[in-house]
Structure formats: C-alpha cells, structure tokens
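Here is a chain to go through by question and answer. Please keep the sequence and the 3D view open while reading.

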Amino acid sequence: MPDTPKVSRCPLCRKQVPAEKNPFFPFCSERCQLQDLGAWLDGRYEVKSDDPEYEGFDG
Ligand SMILES: [Zn+2]
C-alpha cells in the first residue's frame, strides 16, 4: 500500500484538501467555506447544487 495521505475534495472548487488538521474541512480554505456559506444565505442551494453550470465555478 502506498503511503497516501487522507484527502477529500473541496465541494466548491474540487481541489484536493487534506482531511486531517484542516479547520476548514471539508473545504480547502476559508475562502471556499465563506463562499459556501454565502451560497446558503443566498438560497442558491434550494435550487439545485448539481446544476452543470456549477462546474464552471472554479476558484
Ligand atoms: Zn475550495
């Protein structure tokens, strides 16, 4: 088994992000965390987060 670090993917920018010792998990950074929160407050999540256009949201 290769010694691969435990990583997840940022739900916003899809960047790989370490799952451990990450204060912003599951996000890669505070920026993405705040953007996600902003999306929530905007009510965008009530539409549908699987919208293909969402893929264009690349930080
Ligand atoms: Zn991110």
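Q: Is R14 buried, partly exposed or exposed?
A: R14 has 13 other C-beta atoms within 10 Å. A residue counts as buried at 20 or more such atoms and as exposed at 12 or fewer. The count for R14 falls in between, so R14 is partly exposed.

Q: Where does R14 lie, and what is its phi?
A: The model is a predicted one, and in it R14 sits in the loop between β1 and β2. R14 is a residue other than glycine, yet its phi is positive. The value is near 65°.

Q: Which elements does the chain hold, and in what order do they run?
A: The chain has 1 helix and 2 strands. Read from the N terminus, the order is β-β-α.

Q: What is the mean pLDDT of the chain, and which element has the highest mean?
A: Over the chain the mean pLDDT is 79, and 66% of the residues reach 70 or more. Among the elements, α1 has the lowest mean, 87. The highest mean, 90, belongs to β2.

Q: What percentage of the residues in the chain is buried?
A: A residue needs 20 or more other C-beta atoms within 10 Å to count as buried. The chain has 59 residues, and the buried share of them is 7%.

Q: Is S8 buried, partly exposed or exposed?
A: S8 belongs to strand β1, which covers residues 7-9. Around S8 there are 16 other C-beta atoms within 10 Å.

Q: Is P18 buried, partly exposed or exposed?
A: P18 is found in strand β2. It has 12 other C-beta atoms within 10 Å. Since 12 or fewer is the condition for the exposed class, P18 is exposed.

Q: What is the omega of the peptide bond that joins F25 and P26?
A: P26 lies in the loop between β2 (16-18) and α1 (30-42). The bond joining F25 and P26 is a cis peptide bond. Its omega is about 5°.

Q: Which residues are in contact with P26, leaving aside its neighbours within four places in sequence?
A: P26 is partly exposed, with 15 other C-beta atoms within 10 Å. P26 and L12 are 14 residues apart in sequence, and their C-alpha atoms are 9.5 Å apart. The contacts of P26 are S8, C10 and P11.

Q: Is K21 buried or exposed?
A: K21 lies in the loop between β2 and α1. Its phi is positive, about 55°, although K21 is not a glycine. K21 has 6 C-beta neighbours inside 10 Å, and 12 or fewer is enough for the exposed class, so K21 is exposed.

Q: How far does α1 reach from its first C-alpha to its last?
A: α1 has 13 residues. At 1.5 Å a residue the expected span is 18 Å. The reach in the model is close to that, at 18 Å.

Q: What separates the C-alpha atoms of Q35 and L12?
A: Q35 is found in helix α1. Q35 is partly exposed, with 16 other C-beta atoms within 10 Å. Q35 and L12 are 23 residues apart along the chain, and their C-alpha atoms are separated by 8.2 Å.

Q: Which residue just after α1 takes a positive phi?
A: The phi in question is about 80°. The residue that takes it, just after α1, is G43.

Technical notes. Residues numbered from 1 in each chain as written. Predicted model: local features only at pLDDT ≥ 70, side-chain atom pairs only at ≥ 80, totals over all residues. Helix = DSSP H or I, 4+ residues; strand = E, 2+ residues; numbered from the N terminus. pLDDT = per-residue confidence, 0-100. Expected span 1.5 Å × (residues − 1). Contact = placed C-beta atoms within 7 Å.
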